[in-house]
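Dear colleague,

Please find the structure below, together with its sequence. My notes on it follow directly after.

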Amino acid sequence: MPYDDLRSFLDTLEKEGQLLRITDEVLPEPDLAAAANAAGRIGDGAPALWFDRVKGFTDARIVMNVHGSWRNHALALGLPKETSTREQVEEFARRWDAFPIAPERREDAPWRENTVTGDDIDLFGVLPLFRLNDGDGGFYLDKAAVVSRDPDDPDHFGKQNLGTYRMEVIGRDRLALQPVPVHDIAQHLRTAEEQGRDLPVAITLGNDPVVPLVAGMPLRYDQSEYEMAGALRGAPMPIATAPHTGLDVPWGAEVVIEGVVESRVRQIEGPFGEFTGHYSGGRRMPVIRIERISYRTDPIFESLYLGMPWTECDYLVGPNTCVPLLKQLRAEFPEVRAVNAMYTHGLLVIISTAKRYGGFAKAVGMRAMTTPHGLGYVTQVIVVDEDVDPFDLPQVMWAQSAKVNPKEDVVIIPNLSVVELAPASQPAGVTSKMIIDATTPVAPDVRGNFGTPAKDLPETAEWTARLRSLLAQR
Amino acid sequence: MHSSDSGRPEAADASPVCPRCADTGVSTVAHSPVPGVWQVLQCARCLYMWRTTEPARRTRREDYPLQFRLTEHDIATATEVPAVPALRAR
């Protein structure tokens, strides 16, 4: 059964031992962020963290790291928590093919229970806001979904966008918004600003666990995130009408903030520690004026820590980045078994493939660099054999250490394109790229001494599943 | 004689300066729901926002990291992202 709201998912996390309640009183800063930061440092299986004793607050309910481990990511998709990373990505890709699944409209949303408008609007009265990193310019909403419509085509459901964009609280009723120019909301804002009009937006916090997955997904401009959520859930996504803007928002949200992006206004924003492991900011960004807040009684504030990887956001964007590359490569090379593109949005990619003939693996690596995502990201490719799991990094390192003859198997190509934010590019936006062919040479490539490999026993796969299942039942 | 913090004003005092840009136009935007525990302050010029109970590296001008400090010039010359587009002809 898919989850319709955050609360039902938290119940499951708790039953599965994947939600840790911090019962001691903590400081809002630096404890909340430091604890969530630490969740990414304690290894696989980190739980969500729940805080309700935060110094100075009377009724704060804060949850962090909800998607911050492969176990929690599996549970968000309704899979057993022991599902391997590779299987989760494969299942993600399979469900993606069911797109689109139309949403289901339900107007009895629980966030209709409480409303504030006009002069009563005060974000601090509804949300226990706090800072994440030392250099952040303020308190951020960093796991909210922002909904907006195309002002030139407002009735087109698919062009309505739901996306995660960082927002800095710059007043009781004001937020600074970062619409990255390539993202859909920037296109909506541009159209509105060309017309001299404000852009209505609805911001939903504390969503069901599939919303943050689709809100960070690189869909086409006219593809609906709600219809993708339906595909990933395996059931229609429940939506409701936001009362002030008429925008379609998740039924299960904890809080719905409505307002407008003020036309042609920019104010200083940031910095903010970002997913690249570096700060960005100190730029003038658009501003949202809040006009209405609706919220469930005793709302839960969900936030995520991000900074030096790995953090929760790497789990949120990891499969999203793997799946398009996997699909694009398999379309031409069905030999491709799996793609791990989870490192800094796919700046480094590991591909597992069977070989047609000698030299084939290098061709797969070159093709990865020329996919739409590859043009801007794929800077390093490690290609491994079909029996190496690209998500099992010790196994990948074994393949690289045992199979690579550097002079022939490392290929470096100069002066290729990459996103400007890639910290190592020089000048920004230009980089060399590298393929490491860690596959076993096949004819007519007869290099090396690979004639007698020791393979996993035929029965090992069955035993792997059996051991995992037994461990999970303990 | 060793140095001491005892003579320094608390960040919550009546006339704090912005730790980031040193402007004195600081206002209170929120009080702790439990009275008297903390306040959230904000600089009118650079919009920096902080809670008075945060570590000194975030709340005191003298401890604020150099790489995150802003000047009036930095704010005035900050890039617009995204740039405001031209108005469409009516």
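P444(A) sits in a loop of chain A that runs between strand 25 (430-438) and helix 14 (460-473); helices (H or I, at least four residues) and strands (E, at least two) are DSSP runs, numbered from the N terminus. The peptide bond joining A443(A) and P444(A) is cis, with omega at about 5 degrees. Chain B also has a cis bond, from V81(B) to P82(B), where omega is near -10 degrees. P82(B) belongs to the segment after helix 2 of chain B.

Please note that this is a predicted model, in which local features need pLDDT of at least 70 and side-chain atom pairs count only at pLDDT 80 or more, while totals for chains, interfaces and linings use all residues. Residues are numbered from 1 along each chain as its sequence is written, and chains are lettered from A and ligands numbered from 1 in the order in which they are written.

N65(A), which is not a glycine, has a positive phi of about 60 degrees and lies in the loop between strand 3 and helix 3 (70-76) of chain A. N65(A) counts as buried because it has 28 C-beta neighbours inside 10 Å; the criterion is 20 or more other C-beta atoms within 10 Å of a residue's own, with exposed meaning 12 or fewer, partly exposed in between, and C-beta atoms placed from the backbone. H345(A), also not a glycine, has a positive phi near 60 degrees. H345(A) is located in the loop between strand 21 (336-343) and strand 22 (348-353) of chain A, and with 22 C-beta neighbours inside 10 Å it is buried. Most residues other than glycine have a negative phi, and most peptide bonds are trans.

Next, the sheets of chain A. One open sheet has four strands in the order 1-2-3-20, with mixed pairing; two strands pair if DSSP finds at least two bridges between them. Its edge strands, each pairing on one side only, are strand 1 (19-22) and strand 20 (301-303) of chain A. From one strand to the next, the twist averages 25 degrees; axes are lines fitted to C-alpha atoms, for helices over the stretch in contact, and angles run from 0 to 180 degrees between N-to-C directions. Helix 1 (residues 6-15) of chain A packs on this sheet and touches strand 1, strand 2, strand 3 and strand 20 of chain A, its direction making about 95 degrees with that of strand 1. Contact between two residues requires their C-beta atoms, placed from the backbone, to lie within 7 Å. Helix 2 (residues 31-39) of chain A lies across strand 1, strand 2 and strand 3 of chain A, at about 160 degrees to strand 2. Strand 2 (residues 48-51) and strand 3 (residues 62-64) of chain A run antiparallel and are joined by three bridges, with F51(A) having I62(A) as its bridge partner.

Elsewhere in chain A, a hairpin links strand 9 to strand 10 through two residues. Strand 9 (residues 167-171) and strand 10 (residues 174-177) of chain A are antiparallel and share four bridges. Strand 10 of chain A also pairs with strand 19 (residues 287-295) of chain A, in the antiparallel sense over three bridges.

Two helices of chain A are of interest. Helix 8 (residues 225-233) of chain A has eight of its nine residues buried, so it is largely enclosed by the rest of the structure. Just after helix 8 of chain A, G234(A) takes a positive phi of about 75 degrees. Helix 9 (residues 312-332) of chain A has a kink of about 30 degrees at G318(A), shortly before P319(A); the bend at a residue is the angle between axes fitted to the seven residues ending there and the seven starting there. Of the 21 residues of helix 9 of chain A, 15 are buried.

Finally, chain B follows the pattern β-β-β-α-α along its sequence. Of its 90 residues, 31% count as buried. In the interface, 32 residues of chain B are in contact with 36 residues of chain A.

With kind regards
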